Amino acid sequence: MGVIRELLISVAGSVIFLVLVWVVSRTARHITVLVITRILGLDVEQSFKDAAHAADDLRAELARARWVTVMTSRGNDLQREVFAETLRAGSGGTKRVRILLPDPDVVGPPDWIDIREAEAASFDHAYRDGLLRQCIRQNISYVAAHAGSGQIEMRLYHQPHVARIVLTDRVAYLTRYEDIRHGQLSPVKKFRRGDMYDYLGRMVALTWDHARQASGSS
């Protein structure tokens, strides 16, 4: 009985230790998820609670990327620190950067900016009377100021606002827009090269090909 009791205590101690490691170590969780997804043949690299939790990882991937394409709606992310170095690199001609934002001068029907603003108004009452369109125009002007030289291109699309996609030569980040919260608060999925990466790349490429070039974009 003494041997069995010691064995049970040892096993229980090991389980408690592993649980503690799981709880306190984001790295351990990431490695575990990565191993499981590779065994299962999935191309999801990592899942983040929201944009804030994805910021450090995204910043690191943007820094090592040879090229970056961003398709977004409002576009406020582009004025945050996570994209600052990418825009500087694009302006300096050391990295190819392509930006897709909604076209504020196309008013439908359907008017996809008004449709998205109506969704946003259900959870943020500030969004009314064209505020979303105004935000988009401001971000277009911000990107255009960077795109006067170098390798930054910007085009404006007219289609539903359903996701934010950040694509590099290595990975893709997907944030699906919901009608219950801002995109900043929605989960972010990171995909390595694979079926989902190819699907998102095709979506972005088709949007780019049929979007109009913004004035001030190189």
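**Figure 1. Helices α3 and α4 in the predicted model lie roughly parallel to each other.** The axes of α3 (residues 51-64) and α4 (residues 81-91) come within 9 Å and cross at roughly 10 degrees. Angles under 35 degrees count as roughly parallel, and the pair is therefore described in that way. On the α3 side, the contact is made by Ala55, Leu58, Arg59 and Leu62. Glu81, Val82, Phe83 and Thr86 form the α4 side. Classified by residue type, this contact of α3 with α4 has five nonpolar, one polar and two charged residues.

**Figure 2. Ala63 of helix α3 and its spatial relation to Lys95.** Ala63 is found in helix α3. Is Ala63 buried or exposed? Its relative accessible area is 58%; the cut-off for the exposed class is over 50%, so Ala63 is exposed. In sequence, Ala63 and Lys95 are 32 residues apart. The C-alpha to C-alpha distance between Ala63 and Lys95 is 9.6 Å.

**Figure 3. The crossing of helices α5 and α6.** Helix α5 covers residues 112-121 and helix α6 covers residues 131-146. Their axes come within 8 Å, with a crossing angle of roughly 115 degrees. From α5, the residues Ile113, Asp114, Arg116 and Glu117 take part in the contact. They meet Leu131, Leu132, Arg133 and Ile136 of α6. The contact of α5 with α6 comprises four nonpolar and four charged residues, with no polar residue.

**Figure 4. Predictor confidence along the chain and the stretch of residues 36-41.** The average pLDDT of the chain is 86, and 79% of the residues score at least 70. Over residues 36-41, the pLDDT is below 50. Beyond near neighbours in sequence, this stretch has five contacts in the model. Where pLDDT is low, the predicted coordinates should not be read in detail.

Conventions: Residues numbered from 1 in each chain as written. Predicted model: local features only at pLDDT ≥ 70, side-chain atom pairs only at ≥ 80, totals over all residues. Heavy atoms only, no water. Axes fitted to C-alpha atoms, helices over the stretch in contact; angles between N-to-C directions. Helix = DSSP H or I, 4+ residues; strand = E, 2+ residues; numbered from the N terminus. Parallel < 35°, antiparallel > 145°, perpendicular 65-115°, else oblique. Contact = heavy atoms within 4.5 Å. Nonpolar A, V, L, I, M, F, W, Y, C, P; charged D, E, K, R; others polar. Buried < 20%, exposed > 50% of the residue type's maximum accessible area, 1.4 Å probe, protein only. pLDDT = per-residue confidence, 0-100.
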